[in-house]
Amino acid sequence: MMTIVLNAIKALFVLIACLCIHPISAQVEHVVKLGTGIMSLESVDSYPQKLLEVIENSDTAVIVRITTFNEWEDVKTVENLRYAPYVASRIFDEKLQKYLKPTTFINSESESTRHLADSIFSDNENTVVEIIRKALAVSSCLKFDDLLAQRIYNGDVCCMSSDYSLKTMTGTCSECTNIFLALMRNRNIPVRFVRGMVFNQGEMTFHAWAEVWFDGFGWWAVDPQTGNEMTPYYFYKLHAGADALECGCESLKNYRFKNGGLIIEEQTVKYQF
């Protein structure tokens with residue numbers, strides 16, 4: 001009996017020693033079934049999501065199966081991006097140029113945006129993350145506008161411009177995102193508008209957030225409304241573009257099937273070590 005106990009103790013010490021040398025980093029992958037009236041398969045099949053299967057693609061519904069995960073669980077990428085250098089004079093490829101330019105709703109070259117950017121950025125920022133954090137500190141300060149949210153859902157308006165929202169300091173997730181995009185583009189960093197759904201604790205809401213371009217990596221999602229630098233797995237991306245208009249949805253009602261339905265169903269969870 002004593003020999004068995006001693007062997008068990010030795011095995012435990014060996015396991016602990018191995019963990020100290022090679023720590024386990026677990027990334028939980030969630031396999032999810034999504035179904036909406038419209039979606040961009042190209043956007044759906046982009047980090048941190050991966051398109052596994054197109055179940056249906058018709059005029060009435062698009063149903064897919066994807067896998068996704070919490071961004072912060074991608075520990076190696078998080079660590080690398082934390083130190084990604086910021087170069088104000090950086091010249092980007094042609095395919096990224098539209099994500100640097102002002103649009104109807106992203107007033108990145110307006111006088112109010114320039115004044116705000118000059119007041120919050122020091123011109124001594126060395127990393128892209130420093131710029132992101134300062135822009136998020138502004139975008140997350142908006143007071144939520146319930147009336148505007150209903151108008152956007154009904155299709156009465158697409159969203160309000162970043163200049164308008166900075167003046168009123170009110171808006172929805174779309175306006176928070178527009179402000180964030182305007183500030184980032186003012187600093188010559190490519191960013192894009194994301195439209196999708198959030199499904200958390202059994203509740204579904206439409207949501208808008210942003211993605212920032214990192215050289216050598218690609219698009220990284222942040223949430224301008226909450227100020228979070230990373231997004232959870234249950235932020236399901238459906239469209240991405242230069243602004244809300246390019247996401248191709250005149251009304252959030254269009255996301256519903258023609259019979260009024262939606263599908264968000266978490267099916268399995270995979271563990272990667």
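Analyst: A word on terms before we look at this predicted model: two strands count as paired if DSSP finds at least two bridges between them. Ask away!

User: What makes β6 and β9 a pair?

Analyst: The cut-off is at least two bridges, and β6 and β9 have six, in the antiparallel sense. They therefore meet the definition of a pair.

User: Which strands make up the open sheet, and in what order?

Analyst: The order is β8-β7-β6-β9, four strands with antiparallel pairing. In general, strands of a sheet pair through backbone hydrogen bonds, either parallel or antiparallel.

User: Why are β8 and β9 said to stand at the edges?

Analyst: Each of them has a single partner strand, so one side of β8 and one side of β9 are left without a neighbour in the sheet. Direction ignored, neighbouring strands of this sheet are turned by 35° against each other on average.

User: Which helix lies across β7 and β8?

Analyst: That is α5, residues 128-139, and it runs at about 140° to β7.

User: How do you know whether β9 is enclosed or open to the outside?

Analyst: Buried means under 20% relative accessible area. Seven of the seven residues of β9 are buried, so this strand is largely enclosed by the rest of the structure.

User: What lines the second largest pocket, and what does β9 give to it?

Analyst: Its volume is about 290 Å³, and 16 residues line it, with Glu 42, Ser 43, Tyr 99, Arg 192 and Ala 240 nearest its centre. Two or more lining residues come from each of α2 (41-44), β8 (218-222) and β9 (235-241). The largest share is that of β9, with three residues. By class, the lining has six nonpolar, six polar and four charged residues.

User: What makes a residue count as lining the largest pocket, and which ones lie nearest its centre?

Analyst: A lining residue has an atom within 4 Å of a pocket point. For the largest pocket, with a volume of about 350 Å³, that gives 17 residues, and Phe 144, Cys 173, Thr 205, Phe 206 and His 207 lie nearest the centre. Elements giving two or more of its lining residues are α6 (146-154), α8 (173-186), β6 (191-200) and β7 (203-214). Helix α6 has the largest share, four residues.

User: How does that lining divide by class?

Analyst: Nine residues are nonpolar, six are polar and two are charged.

Notes
Residues numbered from 1 in each chain as written. Predicted model: local features only at pLDDT ≥ 70, side-chain atom pairs only at ≥ 80, totals over all residues. Heavy atoms only, no water. 1 Å grid on protein atoms, 1.4 Å probe; cavity = no way out; pocket = protein on both sides within 12 Å on 5 of 7 lines; lining within 4 Å. Points joined across faces, edges and corners; volume = space filled by probe spheres on them. Nonpolar A, V, L, I, M, F, W, Y, C, P; charged D, E, K, R; others polar. Buried < 20%, exposed > 50% of the residue type's maximum accessible area, 1.4 Å probe, protein only. Axes fitted to C-alpha atoms, helices over the stretch in contact; angles between N-to-C directions. Contact = heavy atoms within 4.5 Å.
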